[in-house]
Amino acid sequence: MKFRFASLFIILSIVISGEAQVSDTLSLSLQDAEKIFLQKNLLLLAARYNIDAGEALISQAKLWDNPVLVTDQNVYTHHKWFTHGKNELTGEPDGQFFVQIQQLIRTAGKRGKLINLATTTANLSRLQLMDLLRNLRYQLRSDFYSIAELDGNHQLFTRQMEQLNILLAGMERQLQAGNIAQKEFLRVQALIVALRQDMAENEKQLNDVEAELRTLLGDSTQAFIQPLVMDTGMDSTILPMDSLINQARQHNPLYLLQKEQLRFQQQNLVYQKSLRVPDVLLGPEYDHNSNYTPYYVGLGISLPLPLWNRNQGNIKSAGFSIKQEETNLLETDLQLRNRVQNAYQKLMMIRHQSSQMQQEFYNKYEILLKNMMESYTQRQIGLVEFIDFFDAYKESQLKLHLQQLNLQLAKQELNFETGMDSVK
């Protein structure tokens, strides 16, 4: 009996030290994944066209208005079509045509103000791309670390399933020999059924996150992406709260977008005020034979008289838009401060939970499992006590994986709010 359980212990020890192998695996570090993401993500590639469109609008705003050609000529006169030239008897011009070139001259610096508006619009497109990049990168990192956690769970379940299958096979022989009771055998079978359910649910979550990560990376293959996590642990230096808030005000794209929208409305008010000054339409003209003298050359100047419409409504509307954006900026600043504080406090709490003492606890738990298995093989403890500890060990390892994930997600949440990698 002791020989059989000693052999079982040796086999279980070999299984514990083994690692589950996954075929068609693509191992990536976070740095490599982000490099692929920047090159292949379709949403980013599409958003970059907005920047190109904005740059084109700046070029368009710099262009001068095209001149306008105005012509007029006689078609049918004195029973003749298109009569031109000189009268043979009098030598005077015969027929008529009129030519004028008109050029719009924008006053009050309207052209420069339109260029400023187009430049700000292009900056808004850049910031929108930065905000999209920030959100997608946060999703990428969250998926990356979630896969690491779920894959760790998968390996844990796989090892435990192998251990339980070996144990069940040995117990089946013991049951046939009459050395153990039927209820002990069924207890192990029930444990395997529960473990299979845990494995199936974990596998479902893993597949969902893997599919999302492949989409972010623009990867159409079915290879399993294996994250290579460089554990920085709790060694990361975290700046004081005020410094983090200042970083967020300088780098958070959503906050910068709101500031740029305020700038746009301020520029729009300046432009609307410039519209009070009328533009001038200037152009030379030639009248062949309908003026007080033939071959008339003149200069035409026209402009509207700003008597009733001085763009009052648009100017007033632009002023209210500025007040609206100023209020939105105050709200955005308040939200930014609160979000940074919340992310900071969350990270500090999780760092405290991931203390060195707790890490030592999990390490000792790993050693204790081996001792419990040895004790069971030597019949120093019963099956129920062993299974209870076996199940408790699984739960402790799942909590350890979850705690490691929460620490990484808390770091990334703080980086997301500050708009830069404030903590590694």
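Helix axes are lines fitted to C-alpha atoms over the stretch in contact, and the angle between two of them runs from 0 to 180 degrees between N-to-C directions. The views below are taken from a predicted model.

**Figure 1. Helix α7 against helix α8.** Two packed helices are described by the angle between their axes and the distance between the axes. For α7 (residues 253-274) and α8 (residues 312-353), the axes come within 9 Å and cross at roughly 165°. Angles over 145 degrees count as roughly antiparallel, and α7 and α8 are therefore roughly antiparallel to each other. Their crossing is left-handed. Sorted by class, the residues of this contact are nine nonpolar, 11 polar and six charged.

**Figure 2. Helix α7 against helix α4.** The partner of α7 in this view is α4, which covers residues 110-176. The axes of α4 and α7 come within 9 Å, and the crossing angle is roughly 165°. With the cut-off for roughly antiparallel at over 145 degrees, α4 and α7 are therefore described as roughly antiparallel to each other. The crossing of α4 with α7 is left-handed. In the contact of α4 with α7 there are 12 nonpolar residues, nine polar ones and six charged ones.

Figure 3. Helix α7 has 22 residues, and at 1.5 Å a residue they should span 32 Å. The expected span is 1.5 Å times one less than the number of residues. The C-alpha atoms at the ends of α7 are 31 Å apart, which agrees with that expectation. N252 caps the N-terminal end of α7. A side-chain oxygen of N252 lies 2.9 Å from the backbone nitrogen of L254.

**Figure 4. N41 between α2 and α3.** N41 is found in the loop between α2 (30-40) and α3 (42-62). Its relative accessible area is 3%. Buried means under 20%, so N41 counts as buried. The side chain of N41 reaches the backbone nitrogen of L43, at 3.1 Å.

Figure 5. Most residues other than glycine have a negative phi. Y295 is not a glycine, yet its phi is positive, at about 55°. Y295 is placed in the loop between β7 (280-287) and β8 (296-302). With a relative accessible area of 41%, Y295 is partly exposed. N311 also has a positive phi, near 60°, and is a residue other than glycine. The loop that holds N311 runs between β8 and α8. N311 is buried, with a relative accessible area of 11%.

**Figure 6. G95 beside N289.** G95 lies in the loop between β4 (80-81) and β5 (97-105). At 14% relative accessibility, G95 counts as buried. In sequence, G95 and N289 are 194 residues apart. In space, their C-alpha atoms are 6.9 Å apart.

**Figure 7. L228 and S29.** L228 is part of strand β6, residues 224-228. The relative accessible area of L228 is 42%, and the residue is partly exposed. Along the chain, 199 residues separate L228 from S29, while the C-alpha atoms of L228 and S29 are separated by 4.7 Å.

**Figure 8. Q189 and L168.** Q189 lies in helix α5, which covers residues 182-216. Its relative accessibility is 32%, and Q189 counts as partly exposed. Q189 and L168 are 21 residues apart along the chain, and their C-alpha atoms are separated by 7.3 Å.

**Figure 9. V75 and F97.** V75 lies in the loop between β2 (68-73) and β3 (76-77). The relative accessible area of V75 is 40%, and V75 is partly exposed. Between the C-alpha atoms of V75 and F97 the separation is 9.6 Å, with the two residues 22 apart along the chain.

Note on methods: Residues are numbered from 1 along each chain as its sequence is written. This is a predicted model: local features need pLDDT of at least 70, side-chain atom pairs count only at pLDDT 80 or more; totals for chains, interfaces and linings use all residues. Side-chain values use heavy atoms; hydrogens and water are left out. Helices (H or I, at least four residues) and strands (E, at least two) are DSSP runs, numbered from the N terminus. Angles under 35 degrees count as roughly parallel, over 145 as roughly antiparallel, 65 to 115 as roughly perpendicular and the rest as oblique. A crossing is left-handed if the near helix is turned anticlockwise from the far one by less than a right angle, and right-handed if clockwise. Ala, Val, Leu, Ile, Met, Phe, Trp, Tyr, Cys and Pro count as nonpolar, Asp, Glu, Lys and Arg as charged, and the others, Gly among them, as polar. A polar contact is a pair of N or O atoms within 3.5 Å; within protein, one must be able to donate a hydrogen and the other to accept it, and residues adjacent in sequence count only if both atoms are side-chain atoms. Buried means under 20% relative accessible area, exposed over 50%, partly exposed in between (1.4 Å probe, protein chains only).
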